[in-house]
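Here's a quick walk through a model you can turn around on your screen as you read. Have the sequence open next to it.

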Amino acid sequence: MAGAAAHEPCGCGTAPAVPDQLVCRTCLTPLALGRPPRTLLATRRARIAHRLEIVFDAGTVELAAGQEVELGRDPATSPYAHLLTDGTVSHRHLLVALRTDGSAWVTDLGSTNHTYVNGVRLSPRTPSPVRSGDRLRLAMAIRAELRIVDHDASD
């Protein structure tokens with residue numbers, strides 16, 4: 001039973017990346033222990049019903065509900081610094097957050113060359129709401145599209 005469960009998608013819908021994977025890479029449910037009870041599945045799905053994708057030319061940043069990430073050229077603070085190598089991007093440029101209710105927010109961290117959403121310059125250090133389809137520009141040349149992906153939380 002445990003081996004069979006490891007090949008099935010997790011209750012959150014994520015398929016195992018490798019055979020006999022022990023833990024779901026999205027929600028960290030132990031796959032080898034079988035599927036959690038149905039009520040727990042519904043709760044877990046509700047918690048991860050949203051995902052934010054920030055699609056740059058060089059790659060995509062993904063956030064699950066309740067996560068935030070700092071973007072900039074400093075690899076010590078930005079796990080995606082390799083996507084933002086343009087010299088006009090600040091070392092600590094932007095904070096992006098996806099709340100558990102599915103709302104997304106961006107905050108310019110006082111960057112030198114500013115952050116723009118749909119061509120409008122953001123005020124420094126002021127969280128601004130963003131929606132799926134919004135266009136993001138960091139400094140002079142780094143552009144991205146924001147996508148909020150809603151998963152079906154029903155069984």
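## Two loop residues to look at

Arginine 125 is found in the loop between β7 and β8. Strand and helix names here follow DSSP runs (H or I of at least four residues for helices, E of at least two for strands), numbered from the N terminus. The phi of arginine 125 is near 60 degrees, a positive value in a residue other than glycine. Is this arginine 125 buried or exposed? Arginine 125 is exposed, at a relative accessible area of 60%. For that label, exposed means over 50% relative accessible area, buried means under 20%, and partly exposed is in between (1.4 Å probe, protein chains only).

Histidine 114 has a positive phi too, near 75 degrees, and isn't a glycine either. Look for histidine 114 in the loop between β5 and β6 (115–117).

## What kind of model this is

This is a predicted model: local features need pLDDT of at least 70, side-chain atom pairs count only at pLDDT 80 or more, and totals for chains, interfaces and linings use all residues. Residues are numbered from 1 along each chain as its sequence is written, and side-chain values use heavy atoms, with hydrogens and water left out.

pLDDT is the predictor's confidence in each residue, on a scale from 0 to 100. Its mean over the protein chain is 82, with 70% of the residues at 70 or more. Residues 1–6 stay under 50, and the model gives them nine contacts beyond four places in sequence. Residues 34–48 are also below 50 in pLDDT, with 24 contacts in the model beyond near neighbours in sequence. A contact here means heavy atoms within 4.5 Å.

## The chain at a glance

The protein chain has two helices and ten strands. Reading from the N terminus, the elements go α-α-β-β-β-β-β-β-β-β-β-β. Of the 155 residues, 41% count as buried.

The protein chain exposes about 8,600 Å², and carbon and sulfur atoms supply 53% of that; the areas come from the Shrake-Rupley method with a 1.4 Å probe, and for residues only the protein chains shown count as cover. Take the contacts between residues at least 6 apart in sequence: 39% of them join residues at least 24 apart.

## The six-stranded sheet

Six strands form an open sheet in the order β2-β1-β10-β9-β6-β7, with antiparallel pairing. β2 and β7 (120–121) sit at the edges with a single partner strand each, so one side of each has no neighbour in the sheet. Two strands count as paired if DSSP finds at least two bridges between them.

Inside this sheet, β9 and β10 run antiparallel and are joined by four bridges. Leucine 138 has isoleucine 142 in β10 as its bridge partner. Arginine 143 is also in β10, and beyond four places in sequence it touches Val55, Phe56, Asp57, Leu136 and Arg137. Its C-alpha atom is 9.9 Å from that of leucine 84, which is 59 residues away along the chain.

## The four-stranded sheet

Which strands make up the open sheet of four? They are β3-β4-β5-β8, in that order, paired antiparallel. Here β3 and β8 (128–130) are at the edges, each with a single partner strand, so one side of each is left open in the sheet.

β4 is joined to β3 by five bridges and to β5 by five bridges. Leucine 94 in β4 is the bridge partner of leucine 71, while valine 96 stands opposite valine 106 in β5. Four of the five residues of β4 are buried. The hairpin of β4 and β5 has five residues between the strands, and glycine 102 there takes a positive phi near 95 degrees.

## The nonpolar core

A nonpolar core is a set of buried Ala, Val, Leu, Ile, Met, Phe, Trp, Tyr and Cys residues joined through side-chain atoms within 4.5 Å. The largest one has 25 residues, of which Leu52, Ile54, Phe56 and Leu71 touch the most other members. The elements giving two or more residues to this core include β1 (50–56), β4 (94–98) and β10 (142–150). β10 gives the most, with four.
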